[in-house]
Amino acid sequence: MAGVSHLWEPDAGLLRDIESMAREYRRRAEEHLKPIVSSYYPALLDGGGEYRKMIELSTKMTMVGHACTEIGGYRFDERRRRMSALFGACCFIGDSFIDDFGDEAAREYIERYELLLTKGWFDIRNDRERLFFVILTRLFGERDVLDPMLRQAIFSLFLAQKRDVDLRLDPGWLKVLRRRSRLDQLRVCARDRSGHAITVLSLFLVPGFPLRYHHLLYTAGALIMYIDDHGDCYSDLYHNRVTYMNQVKNPSATLLRAFARGTERLRKGLPEGRGREILLAFLYRYFITRIEKHRLERDRGRYSWTVYE
Amino acid sequence: MSKKPSGKGGGHGTVAQRADLGDSIAIMIQELRSRGRIDDSQPLLRIDYRKEAATAPFQFDMANARLHRTSCCAIPRGSKSALYAVWTPAPEDMEMACKRCRPVMPVEAEEDEMANGKDGGRERELATDIIFGFLSIIDQFGSVLTERGREYRSSERGKEVVKAFETLYSELTKKQKEALDITVSSLDVLVGAVRRYNEGFGTNGTNGRSAGKGTGAHKKNGNGRARG
């Protein structure tokens, strides 16, 4: 990809640290999640790689969670590792209801999850839903979920998910917009999904996380989503899933600009220290691996290539 | 319950046992609701904060790092979905203040706090919220609690607990006994009040209930301190 060589990149020592941290957090995520999965939804363990993908997302959340905790001025202890792993698993299973069981299931999940967040009621109908509910309950049990900022983050994340599902299931209104407005809608939708997600994670890990750093994490979250969508570009197109990154004219250049601008903001705005280093190194590594995923998937179409690293 | 945890969840020891117990209780409450045993017209837990957020004095735009007054017309349309209500910004947050609406630190709120003796007003409100929370649980889960109480009282475990309480009570000092008696009679008064209230309305208790206030509506932004 042209231009990558001019980007800031972490030194070799920091990249090695990130690699070993990822290995360690993958092991820890499994330690926390496997017993819960075994108890409530053992079929997931032999579900053709789905469990492994869940562990990968939890590992990713643990890495980001580590960075957020240190940026917030706290030590990333065992309890915070557990919360990060639970959050990753919760996102993974929640997303599976939206992505893997058809349009009707996605619509129904949104309705039921809205009831859960507005009234606290959730009808548990099968083992997957039971696992989701238990993981959510354990995560909510870790903190005061009625804290105003955390409540807003959780509900805003839901609204962003709902908007994403609406765009997918009813793309008609999007088509009538002018190209510029359409791209804006898609960009904001991607930004909010991951922006609110990282806000939820940081508030679980550090209640009272300083407002002056929240918007920088939001930027990091948005960047993660753009990188992710670029990696999934071909598989999304195959499944008729419209995203900002598969609609812009020159996705590679757009991503490169967003990455350069975003990481520059983070470098200037976040407090100097280990948290900032971890976050930037993680983003760099994520960016490089997803560019490779994009390249590999170019010829594979619907066959998504899962990045296990 | 349709499924019991194996007890392996989360490793060994009390943390895992507590987690399993928490899972069981949470699942059981949902199952009771599915079987129509709990009045689900009332919320069990409301995360949705939109109603309270609309009344906050400030809104923080996460996408553009701007703190606005809630009524500010300079909030970009694309930021509406990235706004967070803020009640009490920190002095350093004012660096991100919108140049158009110029939000300022809420001086009046500070004066009120001083007049109430630091957080006195807020603490009283919190105590009232806790009492209402307690009443709502008795109200919502009343029939289940009564039934469980009867079963428990006649069970072996229940009888053991009663004996243990009797022993414990006999060992209390006069002052401690008085304090406990006051607490128990207060509980009696509360339960009686809820029962009379429901009987007065002659329904299963959905009419005219206080919806209560959103918990923490006037809390500081965040908890301010990390636990753990």
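In chain B, strand β1 (residues 58-61) is joined to β2(B) by 4 bridges, and the two strands run antiparallel. Helices (H or I, at least four residues) and strands (E, at least two) are DSSP runs numbered from the N terminus, and two strands are taken to pair if DSSP finds at least two bridges between them. Within this pairing, B:D61 lies opposite B:R66 of β2(B). The model is a predicted one, in which local features need pLDDT of at least 70 and side-chain atom pairs count only at pLDDT 80 or more, whereas totals for chains, interfaces and linings use all residues. Residues are numbered from 1 along each chain as its sequence is written, with chains lettered from A and ligands numbered from 1 in the order in which they are written.

The sheet of chain B is open and consists of 3 strands in the order β2-β1-β3, with antiparallel pairing.

Chain B as a whole contains 6 helices and 3 strands, arranged along the sequence in the pattern α-α-β-β-β-α-α-α-α. Of its 228 residues, 18% count as buried, that is, with 20 or more other C-beta atoms within 10 Å of their own, C-beta atoms being placed from the backbone. Among contacts in chain B with a separation of 6 or more, 57% involve residues 24 or more positions apart; a contact requires C-beta atoms, placed from the backbone, within 7 Å.

The contact between the chains takes 50 residues from chain B and 48 residues from chain A. On the side of chain B that touches chain A, α1 (13-34) and β3 each supply at least two residues, and the largest share, 8 residues, comes from α1(B). By class, this side has 23 nonpolar, 16 polar and 11 charged residues; Ala, Val, Leu, Ile, Met, Phe, Trp, Tyr, Cys and Pro count as nonpolar, Asp, Glu, Lys and Arg as charged, and the others, Gly among them, as polar.

Apart from its neighbours within four places in sequence, A:I135 is in contact with A:I36, A:L86, A:A89, A:C90 and A:I93.

Methods:
A residue is buried if 20 or more other C-beta atoms lie within 10 Å of its own, exposed if 12 or fewer, and partly exposed in between; C-beta atoms are placed from the backbone. Two residues are in contact if their C-beta atoms, placed from the backbone, lie within 7 Å.
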